[in-house]
Amino acid sequence: MKQFEPLTRKKDSQAARYLIVDDSVFARKSLAKMVESFGGQVVGEAGDGCTAITEYARTTPDIVLMDITMPQMEGIEAVERIVQEHPDARIVMVSSVGYQDNILAALQKGARHFVQKPVKPDALYEIIRYVLNDDGVAAPVHAGGEKDR
Amino acid sequence: MRMDLIQPFIGSLDAVLAEMMKTSPRIVDLTMEEEGYRRKGLAASVSFKGEIQGRVILDMDPQAATQVATYLAGDEVDSSQPIVREAVCELANMVIGNAVTQLNDRGFQFKVFPPAVLTEEQCEAAGHDSEATILCFETPAGNVHLNISMQYHRRRSRERSPVAVG
């Protein structure tokens with residue numbers, strides 16, 4: 001796999017730490033390889049939204065890569081619950097289902113970005129670079145468009 | 001079955017396989033089936049509910065599935081490894097998810113469920129529920145089948161809008 005210039009945390013230039021959430025073991029493995037090629041460290045994995053919430057609290061990652069369609073608890077609900085507890089969470093949605101309603105719902109709940117599967121490493125790299133450097137604190141957006149700040 | 005609902009699945013499979021197998025698959029057969037579906041290789045199914053309801057089975061020759069698994073894993077994968085089934089599941093998720101995205105953007109509302117690997121018995125049982133359209137795509141690594149069964153429940157909202165008369 002192509003190696004990229006390492007993406008580091010802005011605050012201390014250390015390797016970015018990732019939590020990967022997807023019900024497919026294969027997708028998690030594939031994303032983990034990409035993340036490693038970006039110089040990142042995978043600190044946790046989860047196969048559903050419930051586990052993602054506990055893994056987030058345990059690992060406090062810099063970036064979460066979150067699938068949408070999962071058993072038990074879907075990605076969008078997990079985003080809402082993580083951002084409620086950790087308003088500075090940086091979550092990137094990674095899903096094959098990329099219709100506008102889904103993207104909007106995820107962003108309204110506090111996700112920072114969206115990538116559609118199949119994921120191209122170059123595209124994911126650019127998005128993570130953007131999200132790591134984005135200091136804006138995520139906050140749920142109400143239907144009217146106003147953020148809770 | 002309406003061809004305009006099937007077209008996104010064809011386009012999506014074409015695009016995803018072009019990325020993963022570096023080839024453009026060619027449709028070599030199209031059949032309708034009302035009886036049980038006999039699995040050809042490794043199969044996974046994704047179901048959806050809403051204005052359009054149904055399920056799509058992605059069924060791949062083992063060699064084609066192994067090639068996709070190798071692409072997704074980024075390493076050489078042996079055809080006997082369980083990860084090949086998982087790759088078919090993930091491919092089904094991508095192909096069907098991308099197609100469903102196109103349909104949703106055209107105004108159809110529905111919810112998609114996670115993919116599941118299908119055994120031979122489950123495949124046959126799945127074929128009994130309703131009429132299915134089966135498309136066979138040829139790739140250099142073997143054939144890929146899409147078995148599409150769906151029912152259209154409601155007209156789209158703009159088609160339901162009252163029509164001024166007189």
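Good morning. In this predicted model, 21 residues of chain A are in contact with 22 residues of chain B. Let me begin with the side of chain A that touches chain B. Two elements of chain A, helix 1 (25–37) and helix 4, each supply at least two of its residues. Helix 1 of chain A provides the largest share, namely six residues. By class, the residues on this side of chain A comprise nine nonpolar, seven polar and five charged.

I turn now to helix 4 of chain A and its neighbour within the chain. Helix 4 spans residues 100–109 and helix 3 spans residues 75–85; their axes come within 8 Å and cross at roughly 15°. Angles under 35 degrees count as roughly parallel, and helix 3 and helix 4 of chain A are therefore roughly parallel to each other. The crossing of helix 3 past helix 4 in chain A is right-handed. Which residues make this contact? From helix 3 of chain A they are A:Ile76, A:Val79, A:Glu80 and A:Val83, and from helix 4 of chain A they are A:Ala105, A:Ala106 and A:Lys109. Five residues of this contact between the two helices are nonpolar, two are charged and none is polar.

Finally, I come to chain B. Its secondary structure consists of five helices and seven strands. Read from the N terminus, the order of elements in chain B is α-β-β-β-α-α-β-β-α-β-β-α. Chain B has 166 residues, of which 39% count as buried. As for contacts in chain B between residues at least 6 apart in sequence, 70% of them join residues at least 24 apart. Thank you for your attention.

Note on methods:
Residues are numbered from 1 along each chain as its sequence is written. Chains are lettered from A and ligands numbered from 1 in the order in which they are written. This is a predicted model: local features need pLDDT of at least 70, side-chain atom pairs count only at pLDDT 80 or more; totals for chains, interfaces and linings use all residues. Helices (H or I, at least four residues) and strands (E, at least two) are DSSP runs, numbered from the N terminus. A residue is buried if 20 or more other C-beta atoms lie within 10 Å of its own, exposed if 12 or fewer, and partly exposed in between; C-beta atoms are placed from the backbone. Two residues are in contact if their C-beta atoms, placed from the backbone, lie within 7 Å. Axes are lines fitted to C-alpha atoms, for helices over the stretch in contact, and angles run from 0 to 180 degrees between N-to-C directions. Angles under 35 degrees count as roughly parallel, over 145 as roughly antiparallel, 65 to 115 as roughly perpendicular and the rest as oblique. A crossing is left-handed if the near helix is turned anticlockwise from the far one by less than a right angle, and right-handed if clockwise. Ala, Val, Leu, Ile, Met, Phe, Trp, Tyr, Cys and Pro count as nonpolar, Asp, Glu, Lys and Arg as charged, and the others, Gly among them, as polar.
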